Each structure stands twice: as structure tokens, then as C-alpha cells.
Amino acid sequence: MKVIKTKIKIVFFIVINILISSSCNSQNKIVNMRDLKKTNWEALNENAVKLIGKDWMLITAGKINDYNMMTASWGALGWLWEKPVSFIFVRPQRYTHKFTEREDYYTLCFFDENNREILSKMGTVSGRNFDKMNYEQLTAIETDNGSVAFAEARIIIECKKLYATKIKEDDFVDEKIPAKVYPTRDFHTMYVGEILNVWIRE
Ligand SMILES: Cc1cc2nc3c(=O)[nH]c(=O)nc-3n(C[C@H](O)[C@H](O)[C@H](O)COP(=O)(O)O)c2cc1C
């Protein structure tokens with residue numbers, strides 16, 4: 001009888017732990033974020049030039065326990081190969097580059113003006129020597145595809161990599177650009193990613 005009681009206690013303990021851990025994980029799931037509505041590219045009603053170039057974005061790549069993010073203001077949203085796409089540009093010396101190279105997905109997060117400080121910070125420190133995963137102003141959330149975004153964002157765009165190439169000096173039509181932008185020849189890697197999902201704060 002004592003053995004059965006002990007076994008029941010163990011099973012009860014295991015079940016409770018499974019329930020607790022699954023409820024903790026679901027808090028991190030983007031699908032359960034009440035004020036972020038899952039939608040698609042057609043619901044984006046933004047000036048993409050301003051959104052990226054002036055508001056800035058956070059590019060994030062990696063898994064929930066191993067990711068990195070950085071601020072970016074160079075990029076585009078558009079249409080290519082019969083798909084809605086984003087274009088992003090990551091210099092090879094960014095810590096984020098290791099993740100954008102390795103991963104199949106990346107996310108783009110856009111914030112309200114009152115969160116500009118987050119973007120300034122993530123654009124001036126590197127994940128190599130700053131613990132970005134524990135940055136107190138951002139709450140990481142995980143998509144169903146296992147990519148990472150942030151609960152504080154007002155728009156999240158999740159992309160799947162389609163194409164990656166290094167910008168080539170010889171391909172510049174305007175030769176002033178490489179001289180000005182790449183004096184140390186650290187040419188960006190350009191990624192084209194299919195826009196899979198969009199979440200917009202309601
Ligand atoms: C407003 C702003 C825009 C930026 N845009 C880009 C960009 O488009 N591509 C890029 O490679 N770096 C860009 N950076 C620089 C990176 O965000 C910065 O070097 C960052 O610290 C890299 O972090 P990491 O080493 O953790 O990847 C930008 C920085 C700022 C502040």
C-alpha cells in the first residue's frame with residue numbers, strides 16, 4: 001500500500017511539473033499574446049520607407065535560448081519571386097551575422113517612439129560583450145516556427161530566408177557609395193526573406 005501511495009505521489013508530482021512548465025512556455029508563445037493580433041502582410045498599412053529608415057527595426061535571429069538582435073535602418077519590404085518579402089543588410093562583423101547566417105528564420109520588430117531607447121541601445125552594444133538576451137526592457141517571445149520576437153513591439157514580421165548574398169564592390173553603378181559606406185570593405189550580407197507572418201498590436 002505504501003509503495004502504491006509513493007508511486008501515486010511521484011506521478012502526481014510529474015503531472016504537476018509538466019502542467020507548470022507547459023503553462024510557462026505558452027506564456028512565451030507569440031500566438032497567446034492577447035494584444036498582438038496575428039495577421040499577414042496585407043494588413044500592413046505603413047510607409048515602409050519611414051518604418052525602416054526612420055523608425056528603425058530590430059532584427060532578431062536564433063532560438064529562444066540562443067538568439068541575438070540588433071538595430072537596423074537599412075532594408076526594404078516588397079514583392080519578389082511571387083512572394084511578399086523583406087530585404088535586410090547585416091555587416092559581417094555584427095554578432096547578429098552569425099545568427100542570420102545559421103538560422104532559417106529572422107524577425108523584424110518595430111516599436112513605438114517611446115521605445116526608441118531600446119533601438120538606440122541595441123544598435124550601439126554588441127551581443128558579444130553585452131547580455132542582450134537578458135536586456136530588461138525586452139521580453140522575448142517565441143513563434144510557432146521557433147523564431148524570437150519581442151512582446152514590446154507594435155509590429156512583428158516573421159521571415160524565412162530565401163536568398164543571401166554579399167554586396168559586391170564591382171556591382172556598384174555609383175562608385176561613390178562603396179568609397180563612402182565601405183572604406184574598410186566590410187560589405188553587408190543582403191538577405192531576402194519571405195514574409196510568413198505579421199503581428200500587429202491592437
Ligand atoms: C539606427 C541604426 C541603424 C543601424 N542599421 C544597421 C543595418 O542596417 N545593418 C547593420 O549591419 N548594422 C546596423 N546598425 C549597427 C548595429 O545595430 C550595431 O553595430 C549593433 O551594435 C550590432 O550588434 P551585434 O554585434 O550584437 O549584432 C545600425 C545601428 C543603428 C543605431
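The shell around the ligand divides by class into eight nonpolar, nine polar and three charged residues. Here Ala, Val, Leu, Ile, Met, Phe, Trp, Tyr, Cys and Pro count as nonpolar, Asp, Glu, Lys and Arg as charged, and the others, Gly among them, as polar. The model is predicted: local features need pLDDT of at least 70, side-chain atom pairs count only at pLDDT 80 or more, and totals for chains, interfaces and linings use all residues. Residue numbers start from 1 along each chain as its sequence is written.

**Overall build**

- The protein has five helices and ten strands. These are DSSP runs, numbered from the N terminus: helices are H or I of at least four residues, strands are E of at least two.
- Of its 202 residues, 28% count as buried. A residue is buried if 20 or more other C-beta atoms lie within 10 Å of its own, exposed if 12 or fewer, and partly exposed in between, with C-beta atoms placed from the backbone.
- Among contacts in the protein with a separation of 6 or more, 73% link residues 24 or more positions apart. A contact means two C-beta atoms, placed from the backbone, within 7 Å.

**Ligand shell**

- The ligand is surrounded by 20 residues. The closest are Ala72, Tyr95, Thr96, Gly123 and Ser126. A residue is near a molecule if its C-beta atom, placed from the backbone, lies within 6 Å of it.
- Strand S3 (66-72), strand S5 (83-90) and helix H3 (95-102) each give two or more residues to this shell.
- S3 provides the largest share, four residues.

**Strand pairing**

- Strands count as paired if DSSP finds at least two bridges between them.
- S4 (75-80) joins S5 through six bridges, and the two run antiparallel. Trp79 stands opposite Pro84 in S5.
- S4 and S5 form a hairpin with two residues between them. Trp81, in the turn, has a positive phi of about 50°.
- S5 also pairs with S10 in the antiparallel sense, over six bridges. Ile88 has Tyr191 in S10 as its bridge partner.
- S10 (residues 189-201) runs antiparallel to S9, with eleven bridges between them. Ile155 is bridged to Ile200 in S10.
- S9 (residues 155-166) pairs with S6 (residues 105-110), again antiparallel, over six bridges. Phe110 stands opposite Ile155 in S9.

**Nonpolar core**

- The largest nonpolar core holds 39 residues. Such a core is a set of buried Ala, Val, Leu, Ile, Met, Phe, Trp, Tyr and Cys residues joined through C-beta atoms within 7 Å.
- Met57, Leu58, Ile59, Cys109, Ala153 and Ile156 touch the most other members.
- At least two core residues come from each of S2 (57-63), S3, S5, S6, H4 (116-122), S8 (148-150), S9 and S10.
- Beyond four places in sequence, Cys109 touches Met57, Leu58, Thr60, Ala149, Phe150, Ala153 and Ile156.

**Helix H3**

- Thr96, Phe99 and Thr100 are the buried residues of H3. They lie on the same side of H3 because they cover an arc of only 100° around the axis. The arc is that of the directions from the helix axis to the C-beta atoms.
- These buried residues pack against S2, S3, S5, S6 and S10.

**Residues to inspect**

- Trp56 sits in the loop between H2 (48-55) and S2. Trp56 is buried because 21 other C-beta atoms lie within 10 Å.
- Beyond four places in sequence, Trp56 is in contact with Thr71, Ala72, Ser73 and Leu119. Trp56 and Thr71 are 15 residues apart in sequence but 6.8 Å apart in space, C-alpha to C-alpha.
- Trp56 is not a glycine, yet has a positive phi of about 75°. Most residues other than glycine have a negative phi.
- Glu82, in the loop between S4 and S5, also has a positive phi, near 60°. Glu82 counts as exposed because it has 6 C-beta neighbours inside 10 Å.
- Thr107 lies in S6. Thr107 is buried, with 30 other C-beta atoms within 10 Å.
- Beyond four places in sequence, Thr107 touches Thr60, Ser147, Val148, Ala149, Ile156, Ile157 and Glu158.
- Thr107 and Ile195 are 88 residues apart along the chain, and their C-alpha atoms are separated by 9.2 Å.
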